[in-house]
Amino acid sequence: PGNREPEGFIESATGKVHLWMNLVNGFPPPSTYVMGCDLSAGTGATPTCFSMIDALTGEKVLEYADALIAPKEAAVLALALCQLFKDQMGNGAKVGWENVGPGGPFGKQIVDLGYRNLFYRERPATVMHKETELLGWSPSGEAKNLLLHEYKTALYDRRMLNRSELALREFMQFRYKANGSLEHSAEQSPNDPSGARMNHGDRVIADALAWLMAKGLQRSVAKKQKEEIRVGSLAWRR
């Protein structure tokens with residue numbers, strides 16, 4: 001909390017943050033990062049999970065899972081991680097979360113701490129993806145099915161690379177119900193280091209939310225690059 005910034009990463013055999021990248025003097029190299037968050041109550045039943053993606057490459061670079069961290073404490077940790085993963089201009093990672101249940105106090109703490117690089121829920125596609133003032137992702141209606149389908153397609157097309165075995169195993173436990181919706185089989189994982197008694201695909205939701213933000217940023221970058229091509233230039237003729 002406050003104006004203190006994190007001082008980097010240190011290696012620990014008991015650490016709950018897993019990285020798939022090379023650090024430079026203890027810090028991630030500058031890029032455009034996004035972090036998806038799926039929150040739990042912190043009582044040990046299911047884990048709170050974070051997933052960080054390099055939006056420019058589609059690679060998952062960080063995973064965090066802990067079943068015993070309270071939502072407000074998780075918000076402080078999430079912002080510390082976002083401040084470590086900066087772009088070329090020094091801006092921290094964009095963060096988004098599921099806004100139901102424990103996501104409520106988590107999101108309020110994020111806002112109260114003054115962080116502003118946040119994910120806003122989009123309007124329906126008929127309004128050309130204009131953002132609303134509603135923070136966080138809502139799993140209402142078909143939103144969850146669409147989120148997981150987008151994530152599955154990104155993995156299949158290799159637009160996203162996920163090196164977390166635990167997260168991919170969780171994804172494989174999702175099943176279609178008779179009505180066509182997706183649900184997790186809620187199998188217990190004996191090798192889950194988060195300490196959770198059960199999992200409901202929490203890593204998967206964090207991964208899928210991160211991809212949702214990464215895809216949106218990639219679309220914005222592509223649009224900007226297209227707009228910057230000068231009429232009559234070689235790139236324009238091509």
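**A pocket and a helix pair**

By class, the residues that line the second largest pocket comprise 12 nonpolar, 4 polar and 3 charged residues. The structure described here is a predicted model, and in it the second largest pocket has a volume of about 500 Å³. Of the 19 residues in the lining of this pocket, those closest to its centre are Phe9, Ile10, Gly15, Val17 and Leu19. Two elements, strand S1 (17–19) and helix H1 (71–84), each give two or more residues to the lining of the second largest pocket, and the largest share, 4 residues, comes from H1.

Helix H1 also takes part in a helix pair. Two packed helices are described by the angle between their axes and by the distance between those axes. For H1 and helix H2 (residues 103–112), the packing angle is about 45° and the axes lie 8 Å apart.

On the side of H1, the contact is made by Pro71, Lys72, Ala74, Ala75, Val76, Ala78 and Leu79, which meet Pro105, Phe106, Gln109 and Ile110 in H2. Sorted by class, the contact of H1 with H2 has 9 nonpolar residues, together with 1 polar and 1 charged residue.

Notes. Residues are numbered from 1 along each chain as its sequence is written. This is a predicted model: local features need pLDDT of at least 70, side-chain atom pairs count only at pLDDT 80 or more; totals for chains, interfaces and linings use all residues. Side-chain values use heavy atoms; hydrogens and water are left out. On a 1 Å grid over the protein atoms alone, a cavity is a set of points where a 1.4 Å probe fits but cannot get out, and a pocket is an open set with protein on both sides within 12 Å along at least five of seven lines; lining residues have an atom within 4 Å of a point. Grid points are joined across faces, edges and corners, and a volume is the space filled by probe spheres set on the points. Ala, Val, Leu, Ile, Met, Phe, Trp, Tyr, Cys and Pro count as nonpolar, Asp, Glu, Lys and Arg as charged, and the others, Gly among them, as polar. Axes are lines fitted to C-alpha atoms, for helices over the stretch in contact, and angles run from 0 to 180 degrees between N-to-C directions. Contact means heavy atoms within 4.5 Å.
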